[in-house]
Amino acid sequence: MATTKCISPIDGSLYAERECLSMDAARDAVARARRAQAAWAARPLQERIDLVMGAMAEIERTQERMVTELAHQMGRPVRYGGELGGLKERASYMSKIAQDALAPTSVEDSDAFRRKITREPHGIVFVVAPWNYPYMTANNTIAPALIAGNVVILKHAAQTILVGEHLADAYHAAGVPDDVFQNIVLDHDTTSALIAENAFDFINFTGSVGGGQAMERAAAGTFTGVATELGGKDPGYVRHDANLDAAVDTLMDGAMFNAGQCCCGIERIYVHETLYDAFVEKAVAWVNQLKLGNPLDEATTLGPMANVRFASEVRAQIDEALADGATAHIEKMPADDGGAYLTPQILTNVTHDMRVMRDESFGPVVGIMPVKDDEEAIALMNDCQFGLTSAIFTADAEAADAIGARLETGTVFMNRADYLDPALCWTGCKNTGRGAGLSKLGFDALTRPKSYHFKKA
């Protein structure tokens with residue numbers, strides 16, 4: 001029997017291991033979900049909302065489990081309290097807008113005709129969630145999908161396999177039926193086979209470009225909708241009129257928090273030449289205040305990367321850049337073990353010929369380049385295969401608007417970065433994939449339109 005293993009980045013030990021479902025057992029899970037969907041969709045909308053929010057309350061009640069298991073599974077320091085704040089914020093917002101977002105659109109209601117468009121649940125929504133923000137990324141789809149009347153099957157990443165169990169425990173404790181929300185463990189072959197035989201009605205995948213391509217290939221010809229959020233290489237631009245200290249603090253936090261393992265983390269920074277030297281000096285001082293260490297230690301501000309192989313990729317990008325003439329500014333930290341514990345790094349004298357400025361790093365490293373004006377910054381920000389977010393630091397909102405209109409990205413930030421606003425659509429372009437999470441558009445993605453055209457007698 002195939003198994004899924006979580007190797008803890010804290011010490012390389014086996015933290016959790018689960019058996020993968022056989023093909024027959026996986027098909028049975030899908031069949032049970034299919035049978036449960038109509039009754040779930042028939043429940044009043046407010047009841048579904050209340051049950052989802054009840055699950056959030058259950059997660060809050062068991063927050064210590066979240067915090068401790070996250071540290072062991074993917075290395076997030078316990079001092080940050082897990083993901084409860086963002087989890088509640090997003091679920092609460094989607095619950096608040098559900099009545100309006102899912103309400104029928106009336107086109108005409110006259111003596112002659114009644115015409116309207118309703119939103120119907122897809123049926124079974126399959127969520128394939130990543131390990132880096134394993135609660136929030138999964139629940140971005142789970143909560144609105146359930147609210148909209150879908151049933152959900154969750155396949156979580158091997159690195160955070162216990163998160164799926166915690167979410168399932170919370171939803172079931174709140175009263176969501178076992179077959180309406182299922183957390184299952186699948187290997188890649190079984191996953192692909194289920195998708196290919198049209199087991200699901202909608203798929204939401206967050207992960208690598210290669211993983212997204214595998215999802216689309218498996219779904220080819222099934223007409224199953226596949227929403228993807230894949231890689232990122234998000235840029236920040238510091239204009240000549242930016243608040244320097246605020247830009248440094250925000251961008252370096254965006255680059256280093258969670259050991260740089262953020263979908264919308266800052267991976268490259270462009271600074272107006274008049275501020276460049278001061279920005280680099282302050283950025284280096286900011287990073288040197290981080291404490292790399294065991295995530296179970298309250299003093300630790302930067303934990304290990306989630307897996308040794310992830311850290312190896314970041315080290316390789318840094319070494320290649322240094323060999324090509326880049327300058328490293330951070331001395332090796334005492335906790336750096338050559339494995340999952342990785343010294344955060346700032347690189348200058350970098351170019352877009354270097355992988356560290358071109359490929360996704362997904363670790364605590366950022367390259368910084370000077371630019372002479374907005375035109376150069378825009379060209380460099382767009383010189384990328386990905387497009388998730390872009391951050392502009394400036395005192396001029398009109399300039400940010402004009403720059404933002406020309407950026408190939410899913411979200412434009414001004415004077416902030418690395419944040420997901422649930423009132424705005426979470427989306428991307430290029431190799432970041434295509435989807436629409438959260439906001440009203442999130443409900444649109446998780447439902448299908450149905451038109452009514454009644455000619456009255």
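A charge is said to sit over a ring if NZ of Lys or CZ of Arg is within 6 Å of the ring centre and within 35 degrees of the ring normal. The structure is a predicted model, in which local features need pLDDT of at least 70 and side-chain atom pairs count only at pLDDT 80 or more, while totals for chains, interfaces and linings use all residues. Residues are numbered from 1 along each chain as its sequence is written, and side-chain values use heavy atoms, with hydrogens and water left out.

**Charges over rings**

Select Arg76 and Tyr133: the charged end of Arg76 sits over the ring of Tyr133, 4.6 Å from its centre. Next, select Arg79 and Tyr80, where the charged end of Arg79 sits over the Tyr80 ring at 5.9 Å from its centre.

**Aromatic pairs**

Rings of Phe, Tyr and Trp (its six-membered ring) pair if their centres lie within 6.5 Å; planes under 30 degrees apart count as stacked, over 60 as edge-to-face and the rest as tilted. The whole structure holds 6 aromatic pairs. Display Phe126 and Phe200, a stacked pair with 4.1 Å from centre to centre and 5° between the planes. This pair links distant parts of the chain, 74 residues apart: Phe126 lies in strand 5 (residues 124-129), and Phe200 in the loop between helix 7 (188-196) and strand 8 (202-206). Helices (H or I, at least four residues) and strands (E, at least two) are DSSP runs, numbered from the N terminus. Phe126 and Phe200 are both buried, where buried means under 20% relative accessible area, exposed over 50%, and partly exposed in between (1.4 Å probe, protein chains only).

Move to Tyr452 and Phe454, an edge-to-face pair with centres 5.9 Å apart and planes at 75°. Tyr452 is partly exposed at 25% relative accessibility, and Phe454 is partly exposed at 36%. Then select Trp131, Phe310 and Phe362, which ring pairs link into a cluster.

**Two helices**

Show helix 2 (residues 45-61) and helix 6 (residues 161-174), which pack at an angle of about 125° with their axes 8 Å apart. Helix 2 is therefore oblique to helix 6.

**Cysteines**

A disulfide is a pair of cysteine sulfur atoms within 2.5 Å; the count here is 0 disulfides. Cys6 is buried, at 0% relative accessibility. Finally, select Cys429, whose sulfur is 9.2 Å from the closest cysteine sulfur, in Cys384, again too far for a bond. Cys429 is partly exposed, at 22% relative accessibility.

Conventions:
Axes are lines fitted to C-alpha atoms, for helices over the stretch in contact, and angles run from 0 to 180 degrees between N-to-C directions. Angles under 35 degrees count as roughly parallel, over 145 as roughly antiparallel, 65 to 115 as roughly perpendicular and the rest as oblique.
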